[in-house]
Amino acid sequence: MTIKVKAIIGSTSSTSFNLKIVEHMRSRYAGKLDITPVFINDLEMFSIDTESNPSANVVDFKNNVKDSDAVLFAVPEYNFSIPGALKNAIDWLSRGGDYTLQNKPGFIVGSSMGAFGSIRAQIHLREILSNPALAPVLLPGNEVYVGSVHEKMNEDGELTDKATIDFLDSVVYNFIEFYKKTTVAANV
Ligand SMILES: Cc1cc2nc3c(=O)[nH]c(=O)nc-3n(C[C@H](O)[C@H](O)[C@H](O)COP(=O)(O)O)c2cc1C
């Protein structure tokens, strides 16, 4: 069984550390998780005025996220919260009546150059996602805060820190077990 995971990249940076972590996961867990990054760079700012006639970028983004078994959020921290671009993307996912994330299994990873590895952003993200119009089924515990991320990669942007790699292994194992239980329960 390979779980089709869409990884929402919460950064718009072309050199994003969070994207590099997702790239690490994509290659390391291939065969178990089929991870595809989903980018939020081209989404226009959400507006009630335009939401009934969204751009093709928004429609494609929502369909891309929908077409998955599970969702992964890769979260930087901006000013003690999630980046505005990620909040905008999530606002789009909450609207349109199709409830893209509802009941979808998910998990969160995050990193920052600061010591605390996006902990404040992730606390906010969990709060935001608890809105019933979003409501993915998130893996409890298993909180991944990669602090000082720039010191945990080599010059090629590959994750090299063994403790982080081992911890991600355990989180992914736990997510797969959680996914199996969640989807079996949903089909009873
Ligand atoms: C506008 C802005 C605000 C930031 N605020 C925080 C912060 O509150 N906490 C933190 O740990 N890092 C903060 N940073 C540093 C980011 O953690 C760092 O830029 C990180 O590399 C962003 O993730 P990315 O590489 O995936 O884009 C901030 C960076 C920017 C550009």
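**Figure 1. Aromatic pairs of the structure.** Four aromatic pairs are present in the structure, which is a predicted model. Phe46 and Trp92 make an edge-to-face pair, with 4.8 Å centre to centre and 75° between the planes. Phe46 sits in the loop between strand 2 (33–38) and helix 2 (56–66) while Trp92 belongs to helix 3, so the pair ties together parts that are 46 residues apart in sequence. Both Phe46 and Trp92 are buried.

**Figure 2. The stacked pair of Phe107 and Phe175.** The rings of Phe107 and Phe175 are stacked, at 4.2 Å centre to centre and 20° between the planes. Because Phe107 is part of strand 4 (residues 105–111) and Phe175 part of helix 5 (residues 162–187), this pair ties together parts that are 68 residues apart in sequence. Phe107 is buried at a relative accessible area of 2%, and Phe175 is buried at 0%. Phe107 and Phe175 form one aromatic cluster with Phe178 and Tyr179.

Figure 3. Around the ligand are 13 residues, of which Ser11, Ser16, Asn18, Asn79 and Phe80 come nearest. The shell consists of five nonpolar, seven polar and one charged residue. Oxygen atoms of the ligand lie 2.7 Å from a polar side-chain atom of Ser11, 2.6 Å from a side-chain N or O atom of Ser16 and 2.9 Å from a polar side-chain atom of Ser112. Of the 620 Å² of accessible area that the ligand has on its own, the protein covers 71%.

**Figure 4. Contacts of Ser81.** Ser81 is located in the loop between strand 3 (70–75) and helix 3 (84–93). Its side chain forms a polar contact of 2.8 Å with the side chain of His124. Apart from neighbours within four places in sequence, Ser81 contacts Pro76, Ala121 and His124.

Definitions and conventions: Residues numbered from 1 in each chain as written. Predicted model: local features only at pLDDT ≥ 70, side-chain atom pairs only at ≥ 80, totals over all residues. Heavy atoms only, no water. Helix = DSSP H or I, 4+ residues; strand = E, 2+ residues; numbered from the N terminus. Polar contact = N/O pair within 3.5 Å; in protein donor to acceptor, adjacent residues only side chain to side chain. Contact = heavy atoms within 4.5 Å. Near = heavy atom within 4 Å. Areas by Shrake-Rupley, 256 points an atom, 1.4 Å probe, with all protein chains shown as cover. Nonpolar A, V, L, I, M, F, W, Y, C, P; charged D, E, K, R; others polar. Phe/Tyr/Trp six-rings, centres within 6.5 Å; stacked < 30°, edge-to-face > 60°. Buried < 20%, exposed > 50% of the residue type's maximum accessible area, 1.4 Å probe, protein only.
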